[in-house]
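Open your viewer and keep the selection panel handy.

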Amino acid sequence: MASTAAGKQRIPKVAKVKNKAPAEVQITAEQLLREAKERELELLPPPPKQKITDKEELNDYKLRKRKGFEDNIRKNRTIISNWIKYAQWEESLNEIQRARSIYERALDVDHRNVTLWLKYAEMEMKSRQVNHARNIWDRAITILPRVNQFWYKYTYMEEMVGNVAGCRQVFERWMEWEPEEQAWHSYINFELRYKEVDKARTIYERFVIVHPEVKNWIKYARFEERHGYIAHGRKVYERAVEFFGEEHVEENLFVAFAKFEETQKEFERVRVIYKYALDRIPKSQAQELFKNYTMFEKKFGDRRGIEDVIVSKRRFQYEEEVKANPHNYDAWFDYLRLVESDAEPDTVREIYERAIANIPPIQEKRHWRRYIYLWINYALYEELEVKDPERTRQVYQACLDLIPHKKFTFAKIWLLYAQFEIRQKNLQGARKVMGTAIGKCPKNKLLKGYIELELQLREFDRCRKLYEKYLEFSPENCTTWIKFAELETILGDVDRARAIFELAIGQPRLDMPEVLWKSYIDFEIEQEEYGNTRDLYKRLLQRTQHVKVWISFAKFELSVESLERLQKCRQIYEDANKSLRNCEEKEERLMLLESWRDYEKEFGSDSTRERVRKLLPEKVKKRRKLTAEDGSDAGWEEYYDYIFPEDSANQPNLKLLAMAKMWKKQQVEGKGENNSEQESVAEEDTLPPSDTASPPPENQEDLDKNSAPETEQENTYNDRDDDEKSSSSSSSESDSEDDEGKEAAKESRITEEDKD
């Protein structure tokens, strides 16, 4: 650094780099390291070799080295590596006594250092000082008994010098401390090396008590099997199963036990072991067990055995499901279906009892719908499979006692119970059941079922009484009235059936009156009482003016064989048309006129057909303004409307349309044939629509008079113009058709509307 005249230091200016772009040749860190290695920049020259030629020089060398080691130890006594280096240096000079002294001094500093003990003992063993090494190992295992390395090396040394008894004694001292599993295995292997099987068995007995794990019991049993003691091995497995009990059992133990028996060809014992285990181990922990059981049955079992395995596996799955959610009735159904296929009745009953014990927590019918089928299946199982009618009766009775009939009931249970009693030839019991049901909780389904039951038994007097009760309970039910009348008709009591119909149509409230009237009319037609039928139609038309009633009345008159049937039918159409003139539903009136038109086509003359054709309405397309719920404008909507010629209110509209068409026709005729296509297109653009076009000057006054009904904001489009355009031979964009084409288009439109 440069200095100024005043002696103050200043920082030299750093040269600014003008070009900061990367260099073309880049030098990597790897390249730098490689160059340093090639040039050997970090290698120091070896120290000069020293040759000792006499004893004095040797002593001087020893003195210097010892002084250096002692100085290092004096600086920091806790660094054990300095002690070890010092002792190893003395050992290299064969100064065993000095090295031993250094190790002892080091042990005084840190007697719990494992490395120090190991180096000390290894030095003694290298110098073949066995007793010294034995003393060191004794001291080490006494001070640090949990250091397994001391025990391993001690026993290894004793075995290497041939002191088997001493080695066994060391192992016994070690086992008193209950060491890890590998220590026990080392002791067992030691005894096996000297063929001491009984002593090894004794060690195993102590081992499985100190370390009571499944794998250790399995090793013990395999030890017995390996040495040919089959009975002892089986006993070990049995003791293990008893030792762990049912709470701490594991599948590995049973798998090993089953494989042991399989090697001994005891297949029945294997099957018993697997079934015993599957009954006691949870399904989630028995996957390997199921797998091995299936493999065993495939190898040594028959088809029945394989099916048992699959059934057992599925049973475990269902058990887990119903334990997780007892109100999962679908799981109960699957479980019961599985058990019913292959199980004892007592087992099935037990599962049914467990299932029906899970009553829905809320008394609402939707929660009970699935649950009630458990009772139904239970009763059917007892009746059909077990064939125990008394128990079936008890099941039905228990189910009916359980259902809260004041809130809701299940007609299916009552009907099944009654049908069961009939199958048992207990007719009085069935009637008692149905009577109780109707008394407690009358329902349509119950009453219908009871009536059907009595009908099958041909007890018609009882059916009449039941129908009377039914109608007292539900007088608005038209189906019941019809069925009651049909019963009387079948029995031949026509007057009684007619009286029932009269009572029915006189009810103030009916759910389907149109069906009831139709049935009454059909009944009178079947009895060929045409006068009564006409009266019924007239009475019905006093209540309703529905178009279908008029059409049905007309078809009835047409179907009656008489000379005046055509005239009567036409008169009905006339009356219907007059009646429906004030009807707001124009589609109904159109339906009537179309039916009348079809009738005239088949039976009428040309004049009558023309008359009906003139009555047909004009179909027009209109637009109306839509309003949203909040009152805002929602745009315009197109719809079809019908304009009937008979309606006086529509006469101005029709006259306006006719005059507009006449003006358009005159405009088309006035155009010359030599007009170019462009002029006709321009005329089309400037020409107003047919329904809103301004009339010619000579008809202006008439149109102003007739335009009063058109003040509402609706745009009316005549479908006849569209049909005329579609039927002409020219393009749809051109308005210049000839007169003959227009007449043809009108006729085609009329025929199309007739078809509609």
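Of the 756 residues in the chain, buried ones make up 38%; buried means under 20% relative accessible area, exposed over 50% and partly exposed in between, with a 1.4 Å probe and protein chains only. This is a predicted model, in which local features need pLDDT of at least 70 and side-chain atom pairs count only at pLDDT 80 or more, while totals for chains, interfaces and linings use all residues. Residues are numbered from 1 along each chain as its sequence is written, and side-chain values use heavy atoms, with hydrogens and water left out.

Switch to cartoon view: the secondary structure comes to 38 helices and 3 strands. These are DSSP runs numbered from the N terminus, helices being H or I with at least four residues and strands being E with at least two. Of the contacts in the chain with a separation of 6 or more, 51% are accounted for by residues 24 or more positions apart; contact means heavy atoms within 4.5 Å.

**Stop one: a helix pair.** Select helix 5 (residues 114-126) and helix 7, which pack at about 10 degrees with their axes 11 Å apart. The axes are lines fitted to C-alpha atoms, for helices over the stretch in contact, and angles run from 0 to 180 degrees between N-to-C directions. Show side chains to see the contact: helix 5 brings residues including Trp117 and Met125, and helix 7 brings residues including Phe150 and Met157.

**Stop two: a surface patch.** Now pick Val130, Tyr156, Met160 and Val161, a nonpolar surface patch with about 380 Å² of accessible area together. Patch members have over 30% relative accessible area and no salt bridge; like charges are joined within 9 Å, and nonpolar side chains (Val, Leu, Ile, Met, Phe, Trp, Tyr) within 5 Å. Areas come from the Shrake-Rupley method with a 1.4 Å probe, and for residues only the protein chains shown count as cover. Val161 sits in the loop between helix 7 (148-160) and helix 8 (164-175) and, at 44% relative accessibility, counts as partly exposed.

**Stop three: salt bridges.** How many salt bridges does the structure hold? There are 31, each a side-chain nitrogen of Lys or Arg within 4 Å of a carboxyl oxygen of Asp or Glu.

- Arg168 and Glu191 meet at 2.8 Å, N to O. Arg168 is in helix 8 and Glu191 in helix 9 (residues 181-193), so this pair ties together parts 23 residues apart in sequence. Both are buried.
- Asp198 and Arg201 meet at 3.0 Å, N to O. They are 3 residues apart in helix 10 (residues 197-210), so about one helical turn separates them. Asp198 counts as exposed at 53% relative accessibility, while Arg201 counts as buried at 13%.
- Arg234 and Glu261 have their closest N and O atoms 2.8 Å apart. Glu261 counts as buried at 0% relative accessibility.
- Asp346, Arg349, Glu382, Asp388 and Arg391 are linked in a salt-bridge network.

**Last stop: two loop lysines.** Select Lys195, in the loop between helix 9 and helix 10; this non-glycine residue has a positive phi of about 65 degrees. Then jump to Lys387, in the loop between helix 20 (371-386) and helix 21 (389-402), where phi is positive and near 60 degrees. Lys387 counts as exposed at 62% relative accessibility.
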